[in-house]
Amino acid sequence: MTVKQHYDNHLAVYYSWMAGDFELKRKEFESFLEKNLVKPASTKIAIDLGSGHGIQSVALSNLGFEVTAIDLSKQLLSELETNSEGKPIKTIRDDIRQIEKYKNLNPELILCFGDTITHLDSVDDINEFIENCAHTLCDGGKFIVSFRNYTEEVTGNQRFIPVKSDEDRILTCFLEYEAKRVTVTDLFHEKTGQGWVQKVSSYHKVRIGPKDIIRIFEKNRMRIIFYESLSGMQTIIAEKQKIGSYRINQG
């Protein structure tokens with residue numbers, strides 16, 4: 001099953017429940033941006049790729065960015081519009097790999113948060129995607145990405161990951177490792193009037209680590225200005241260098 005099919009037919013309806021308290025997560029992300037001095041500095045344009053229901057988009061808007069939110073899920077973009085509460089966030093239903101279509105916006109910030117980048121088809125696909133994002137950014141612009149490191153294989157019962165549960169819903173993920181990708185199976189158990197119902201759907205994620213991502217950034221004139229593991233997510237901020245200064249920095 002493709003990622004789009006997985007979200008359209010299975011995950012999107014549960015996404016906001018799975019993500020947790022919207023306002024809490026929005027405040028946490030705003031705090032992260034402020035701590036790392038991410039604020040409008042030139043064009044004020046930010047593009048949120050794989051925006052979901054809008055946690056990051058709303059935070060960016062609150063800090064003064066003019067935000068374009070791009071996602072494949074019609075339902076999640078609709079939820080984003082509700083969550084934005086009238087903020088001028090533009091929503092577009094599109095594949096994040098089409099980022100160069102939006103170069104005319106001249107963004108100073110591109111965001112790809114929440115493990116979205118591993119949804120692409122391969123390491124080569126990720127390489128091309130980051131290259132296109134770097135080309136789309138203005139000089140001095142920043143790219144923020146977060147993702148899970150699937151290069152470290154877990155085995156046995158550790159492959160079953162409890163994600164979230166309450167009185168009526170239980171979400172568990174099961175991981176199956178291949179050489180270049182991991183199959184993620186979402187197991188939902190939901191209580192209905194007829195008892196508990198199980199819903200199952202699988203999709204693939206790319207096995208790629210932070211060293212690989214950093215190498216791709218640096219190859220594309222992107223200087224790493226932040227890298228940490230935050231709540232299990234590898235989080236990187238990279239800044240696009242001017243050609244002259246990049247050559248100086250490189251030696």
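This is a predicted model: local features need pLDDT of at least 70, side-chain atom pairs count only at pLDDT 80 or more; totals for chains, interfaces and linings use all residues.
1. Helix α2 itself runs over residues 22-35, and its 14 residues reach 20 Å from the first C-alpha to the last, which is close to the 20 Å expected at 1.5 Å a residue. The residues of α2 that count as buried are F22, R26, F29, E30, F32 and L33. They lie on the same side of α2, because they cover an arc of only 155 degrees around the axis. An α-helix has 3.6 residues a turn, so residues three or four places apart point the same way. On the other side of α2, by contrast, K27 and K35 are exposed.

2. At the N-terminal end, α2 is capped by D21, which has a side-chain oxygen 3.2 Å from the backbone nitrogen of E23. After α2 comes L37, and the phi of L37 is positive, near 55 degrees.

3. A second residue to look at is D71, which lies in strand β2 (residues 66-71). D71 counts as buried because its relative accessibility is 10%, and the cut-off for buried is under 20%.

4. Leaving aside neighbours within four places in sequence, D71 is in contact with G50, S51, G52, L76, L77, I92, R93 and D94. Between D71 and L111 the separation is 40 residues in sequence and 12 Å in space, C-alpha to C-alpha.

Note on methods:
Residues are numbered from 1 along each chain as its sequence is written. Side-chain values use heavy atoms; hydrogens and water are left out. Helices (H or I, at least four residues) and strands (E, at least two) are DSSP runs, numbered from the N terminus. The expected span of a helix is 1.5 Å times one less than its number of residues. Buried means under 20% relative accessible area, exposed over 50%, partly exposed in between (1.4 Å probe, protein chains only). The arc is that of the directions from the helix axis to the C-beta atoms. A polar contact is a pair of N or O atoms within 3.5 Å; within protein, one must be able to donate a hydrogen and the other to accept it, and residues adjacent in sequence count only if both atoms are side-chain atoms. Contact means heavy atoms within 4.5 Å.
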